[in-house]
Amino acid sequence: TLDSLQTTAVSLNDLHHFEGWISRENGIKYGFKIYENKIKLKEFAKYFADYYTANKLHGSVDLAILYDNFGKGYFSGKIGVNNFKYDNVGKISARLFLDGNNREIAISDCSFISEDGLLLNVDGTVKLQPNLELEIIGKSDSMQLENIFLDNRISGDLTGEFLLILKNRQPLLKLDYHGKKIKFNDFKIDSLRVNVTQSLEKLIIDDIYAKTKKQLNLTVDGEMGYNFITRKHYPDSNKIKINYGGDLFKLINKQSNYFTAGSSSCKLEMQLGVKENELSFENGYFQLKKGTLQTPQNKIEDTEIYFQIDDDTLKIDKFNFKMGDGKFYLKNVFDGSETNFKFGLLNIGKILVRTNKKGLLLHIPEYMPENSFGNVVISGRASKYLTISGPFENIYFEGDLTFSNGAVIYPPNTENLLKLFNVTQEIE
């Protein structure tokens, strides 16, 4: 009619069930209704993601949404996701119910379900007027991570809840979770606790701990001006305390295919803060003793490491180990120049390394044939130590490496040319 319009048939990307109307009588009034089943996620994802990402998406969506703006308005909706799958993530289905008006929409009975059971329940409220506000609560009761990630890299039991709030344009995220028998690749945690709050300008850690028998005992608590999500720093006087005790070399051994065994005794204490819009290492120390690492060819033993941090300066007091008859030594020095290594505000200085005259049995990638080893003596020129200068983006070495009882490739990365030369000699 002259003052109203109503659709009778609309087709958009194979969506056929859409109805809408608009009227100018007594002000602009409008409404619409969408009801469609089995919308393929892949078909819509191609408009928002690259081809390869969209092609890995599987599953479909069911929609039933009704809205009009009479009075305070009316909104009702039901959204279903069926057999969502992406890459190595297992099939997940979800249901979401919405009900409200122009001012507020309630989210209820939202559930995420795997093929083996319930993963997560979510409820909440979204306020649209006078300002956008939201409060979303999600709860998990014994979520089995292996039901989500099917490549056996991640597993374990996770229980807890999250709270997401947006009020007065100030976001807040709170996580409170317990984990049991968590596994990521070969890294295992028997008991995990995460209780953290992230506001716009402050990270508050009420309690983080991770424990694995004698290998790992990690605790973290405190707060500082940092947003973990946006990676922005907000300088303040607060501190986060980190404490670790356990067998670091055994953890390294379990994460590496190169080492076959490892053991050590290790302690770490550190305080982190924020100043000058960067991460600040206020003070702390690291101690490792009785360290042993076994490779198929060598045994690294009698490892001792001790360094301390004070006012963003890391001083290495001891770093040495033994390999056969060879011994390795490392320390650092500071000269106030731009060639010191720095990590954020942490000044690491220049690194000095040397071996005794016996040297170490090593493989140096690119300079030695694959799977070959040689004896290497590390020494300096003006002093006993080889000097390694920074910064990290422009590393400079000054010193000598003396090879014996092994093959060296020069120029580096020319092993295939060496093989070709040898073959040519044999043919001649």
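Select N340, which sits in the loop between β22 (326–333) and β23 (341–343). The model is a predicted one, and the stops below are to be read as such.

**N340 and its surroundings.** Colour N340 by accessibility: with a relative accessible area of 4%, this residue is buried. Buried here means under 20%. Next, show what touches N340. Leaving aside neighbours within four places in sequence, its contacts are V333, F334, D335, N347, G349, K350 and P391.

**N320.** Move to strand β21, residues 314–323, where N320 is found. Is N320 buried or exposed? N320 counts as buried, because its relative accessibility of 17% falls under the 20% cut-off. Display the residues in contact with N320, not counting those up to four places away in sequence: D302, T303, E304, F328 and Y329. Keep F328 from that set on screen for the next stop.

**Aromatic pairs.** Over the whole structure, a search gives nine aromatic pairs. One of them joins F319 and F328; their ring centres are 6.3 Å apart and their planes stand at 70°, so the pair is edge-to-face. The reasoning rests on the angle, since planes over 60 degrees apart count as edge-to-face. A pair of aromatic rings is described by the distance of the centres and the angle of the planes. Now check the cover on each ring's residue. F328 is buried, with a relative accessible area of 11%, whereas F319, at 24%, counts as partly exposed.

Then select F32, Y67 and F75. These residues form one aromatic cluster.

**The chain as a whole.** Zoom out and switch to a cartoon: the secondary structure comes to four helices and 29 strands. Along the principal axes, the C-alpha trace spans about 95 × 65 × 40 Å. The radius of gyration is 30 Å, while a compact globule of 428 residues would have one near 22 Å.

Which share of the 428 residues counts as buried? The figure is 35%, and N340, N320 and F328 are among the buried residues.

Finish with a surface. The accessible surface of the chain is about 26300 Å², and 54% of this belongs to carbon and sulfur atoms.

Conventions. Residues numbered from 1 in each chain as written. Predicted model: local features only at pLDDT ≥ 70, side-chain atom pairs only at ≥ 80, totals over all residues. Heavy atoms only, no water. Helix = DSSP H or I, 4+ residues; strand = E, 2+ residues; numbered from the N terminus. Rg over C-alpha atoms; globule rule 2.2 N^0.38 Å. Buried < 20%, exposed > 50% of the residue type's maximum accessible area, 1.4 Å probe, protein only. Areas by Shrake-Rupley, 256 points an atom, 1.4 Å probe, with all protein chains shown as cover. Contact = heavy atoms within 4.5 Å. Phe/Tyr/Trp six-rings, centres within 6.5 Å; stacked < 30°, edge-to-face > 60°.
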